[in-house]
Amino acid sequence: MPQIDRHHLKARMPEVLALFLAKAARIDMPEAARFALDAVLAASDDERDWLFTNVLSDKIPQDSVAPHLFVAAAVQVHAAIAAAALNPEAPVPIRTGICPACGGLPSASIVVEDKGAEGTRYASCSCCQTLWNEVRIKCLCCGETGKISYRSVENGDAVIKAELCGDCDSWTKILYQNKNASLEQLADDVASLGLDLKMRDTEWKRGGFNPFLIGA
Ligand SMILES: [Zn+2]
Ligand SMILES: [Zn+2]
């Protein structure tokens with residue numbers, strides 16, 4: 001079982017969302033984003049409960065992505081605070097591709113510089129932002145290691161690649177922070193949309209989950 005109980009997270013979401021929306025309302029944003037923010041502000045308790053349930057189940061309906069994104073951002077803040085309070089020794093592996101802190105799905109993985117080693121890989125949780133160790137050249141979706149290959153937008157030594165698995169026909173992004181220290185797993189997942197567009201025209205399906213790329 002993950003250390004963080006999502007039902008417990010949900011119980012405090014009405015309060016967290018209200019605080020988040022009050023701050024978000026002061027940010028300059030495009031008209032479409034303001035429209036979505038206003039929709040969440042105007043939502044009833046039942047509608048907000050529906051939004052929390054979807055986001056905490058990692059299921060965002062394609063036809064109402066925009067309001068869910070404000071809720072997803074608020075959930076990320078709440079979950080990250082809960083994860084930061086855990087004893088780092090407490091979470092134990094659940095299975096490949098599942099966050100040991102909150103049970104969430106990985107958005108991507110990063111490779112970091114590690115003294116004496118070639119580079120250690122961490123999967124990055126799309127919900128609570130916990131990083132957990134996963135060995136290199138292993139599918140984050142099915143855990144298989146036998147048919148892994150890599151693609152990128154640029155030829156040569158790209159710092160963001162798609163890790164493809166021929167066993168489950170899925171791919172996830174891998175960011176080489178050991179080659180570019182400024183890479184950040186959530187922001188650069190969104191910033192490297194070109195890789196998603198390249199992969200969208202193939203038979204491979206995206207395995208990494210990132211609410212901010214849904215509908216892109
Ligand atoms: Zn997590
Ligand atoms: Zn796989």
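Trainee: On a 1 Å grid over the protein atoms alone, a pocket is an open set of points where a 1.4 Å probe fits, with protein on both sides within 12 Å along at least five of seven lines. About how much space lies in the second largest pocket?

Mentor: The second largest pocket holds about 300 Å³, where a volume is the space filled by probe spheres set on the grid points, which are joined across faces, edges and corners. This is a predicted model, in which local features need pLDDT of at least 70 and side-chain atom pairs count only at pLDDT 80 or more, while totals for chains, interfaces and linings use all residues. Residues are numbered from 1 along each chain as its sequence is written, chains are lettered from A and ligands numbered from 1 in the order in which they are written, and side-chain values use heavy atoms, with hydrogens and water left out.

Trainee: Which residues lie nearest the centre of that second largest pocket?

Mentor: They are Pro91, Pro100, Thr130, Leu131 and Trp132, out of 19 lining residues; a lining residue has an atom within 4 Å of a point. Strand β3 (residues 131-133) is the element that gives the most to this lining, with three residues. Strands are DSSP runs of E with at least two residues, helices are runs of H or I with at least four, and both are numbered from the N terminus.

Trainee: How do the residues of that lining divide by class?

Mentor: Twelve are nonpolar, four polar and three charged. Ala, Val, Leu, Ile, Met, Phe, Trp, Tyr, Cys and Pro count as nonpolar, Asp, Glu, Lys and Arg as charged, and the others, Gly among them, as polar.

Trainee: And what volume has the largest pocket?

Mentor: The largest pocket has a volume of about 370 Å³. It is lined by 21 residues, and Asp196, Arg206, Leu213, Ile214 and Gly215 are the closest to its centre. Two elements, α7 (193-200) and β7 (205-206), each give two or more residues to that lining, and α7 gives the most, with five. By class, the lining of the largest pocket has ten nonpolar, five polar and six charged residues.

Trainee: Which domains does that lining draw on?

Mentor: Domain 1 (6-84) and domain 2 (106-209) each supply at least three residues to the lining of the largest pocket. These bounds come from an automatic or database domain assignment.

Trainee: How far apart do the C-alpha centres of the two domains lie?

Mentor: The centres of domain 1 and domain 2 are 27 Å apart. Their contact takes seven residues from domain 1 and seven from domain 2, contact meaning heavy atoms within 4.5 Å.

Trainee: Changing topic, how many cavities of 30 Å³ or more does the count come to?

Mentor: The count is one; a cavity is a set of grid points where the probe fits but cannot get out.

Trainee: Where does the largest cavity lie relative to the domains?

Mentor: It lies between domain 1 (6-84) and domain 2 (106-209), because both give residues to its lining.

Trainee: How many helices and strands has the protein chain?

Mentor: It has seven helices and seven strands. The radius of gyration is 18 Å, close to the 17 Å that the globule rule gives for 216 residues, so the chain is as compact as a globular protein of that length. That radius is taken over C-alpha atoms, and the rule is 2.2 Å times the number of residues to the power 0.38.

Trainee: What share of the chain is buried?

Mentor: Buried residues make up 44% of the 216, where buried means under 20% relative accessible area with a 1.4 Å probe, protein chains only. Ser170, in strand β6 (residues 170-176), counts as buried at 3% relative accessibility.

Trainee: Which residues does Ser170 touch?

Mentor: Leaving aside residues up to four places away in sequence, Ser170 touches Cys139, Cys141, Glu163, Leu164, Cys165, Trp204, Lys205 and Gly207. Ser170 and Gly207 are 37 residues apart in sequence, yet 5.5 Å apart C-alpha to C-alpha.

Trainee: And Ala162, what is its relative accessibility?

Mentor: Ala162 has 0% relative accessibility and counts as buried. Ala162 is placed in strand β5 (residues 160-165).

Definitions and conventions
Buried means under 20% relative accessible area, exposed over 50%, partly exposed in between (1.4 Å probe, protein chains only).
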